[in-house]
Amino acid sequence: MVNAIIFGAPGSGKGTYASRLQSKVGVEVIATGDVFREIMREETPLAQRVRSYVEKGLLVPDDVVIEVLKQRMAKIPKGKGFILDGYPRTVEQAKALEKIAKIDVIIRLIVPEWIIVERLSTRRICKNCGEVYNIRFLKPKVEGICDKCGGQLYQRSDDTPEVIKKRIEVYEQQTQPILEYYKAKGIPFIEFKTESLEMPPEVAVEEIIKGLKKLKLTQ
Ligand code: ADP
Ligand code: ZN
């Protein structure tokens with residue numbers, strides 16, 4: 001059983017790797033962004049409160065995030081581990097997590113800026129179903145059209161080189177103190193560095209599993 005946190009900049013492949021690790025390692029992935037998107041579909045005071053931050057691109061306040069995380073974590077079956085994606089985003093959140101669960105390992109994805117810019121600026125998303133494509137590496141069968149549902153593909157307005165660089169900078173600033181916090185606690189790190197644009201996800205996933213085995217956190 002393993003309790004892990006995965007850190008990686010936008011476009012680092014974090015979501016893709018986490019979902020593959022979910023089936024391969026038998027853990028539950030908790031992505032706080034997804035949890036909030038789910039909450040926002042409801043018509044509750046909490047949904048309204050969350051919406052007022054997320055829609056402005058602001059972090060949801062720590063007390064709300066921590067409460068939501070607690071409730072989500074309580075649903076993990078006994079004996080099953082987890083990978084957190086998108087949490088913690090502040091040292092305060094990291095401290096609160098300590099009271100909820102023991103963290104065994106930090107998985108850190110290191111991706112050079114040029115690769116992120118290249119990946120995200122060629123990314124296209126289906127308007128209808130949200131499927132993600134890439135006009136260089138993962139082309140749809142018909143240009144501009146979703147393979148799965150025939151919906152139109154669009155480019156996110158923040159997937160432009162200038163905005164991407166800004167997003168990476170904000171990410172680094174937010175994450176640095178949290179990584180330092182875990183380093184100081186002596187929690188082991190598995191660091192995976194992406195060196196090429198063409199690297200298939202399986203390579204990263206296998207390396208991460210190797211790291212988990214070395215730490216005797218998985219079989
Ligand atoms: P992004 O990578 O674009 O930030 P996420 O899916 O991780 O996307 O999160 C979407 C939004 O949900 C964030 O912009 C933020 O408003 C909120 N959110 C997610 N996780 C947290 C967290 N740990 N603390 C505060 N806000 C969060
Ligand atoms: Zn689609």
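Leaving aside neighbours within four places in sequence, Thr-194 is in contact (heavy atoms within 4.5 Å) with Tyr-17, Ile-110, Val-111, Pro-112, Ile-115, Arg-119 and Met-199. The residue Thr-194 sits in the loop between strand S8 (189-193) and H8; helices (H or I, at least four residues) and strands (E, at least two) are DSSP runs, numbered from the N terminus. Thr-194 is buried, with a relative accessible area of 2%; buried means under 20% relative accessible area, exposed over 50%, partly exposed in between (1.4 Å probe, protein chains only).

This is a predicted model, in which local features need pLDDT of at least 70 and side-chain atom pairs count only at pLDDT 80 or more, while totals for chains, interfaces and linings use all residues. Residues are numbered from 1 along each chain as its sequence is written, and side-chain values use heavy atoms, with hydrogens and water left out.

Tyr-17 is also one of the buried residues of H1, together with Lys-14, Ala-18, Leu-21 and Val-25. Their cover includes strand S1 (3-7), helix H6 (113-121) and helix H8 (201-214).

A nonpolar core is a set of buried Ala, Val, Leu, Ile, Met, Phe, Trp, Tyr and Cys residues joined through side-chain atoms within 4.5 Å. Two such cores are listed here.

| Core | Residues in core | Members include |
|---|---|---|
| Largest nonpolar core | 42 residues | Met-73, Leu-84, Leu-97, Ile-106, Tyr-182 |
| Another core, apart from it | 22 residues | Ala-4, Val-25, Val-105, Met-199 |

In the largest core, the residues named have the most contacts inside it. Its largest share, seven residues, comes from H7.

Terms used: Chains are lettered from A and ligands numbered from 1 in the order in which they are written.
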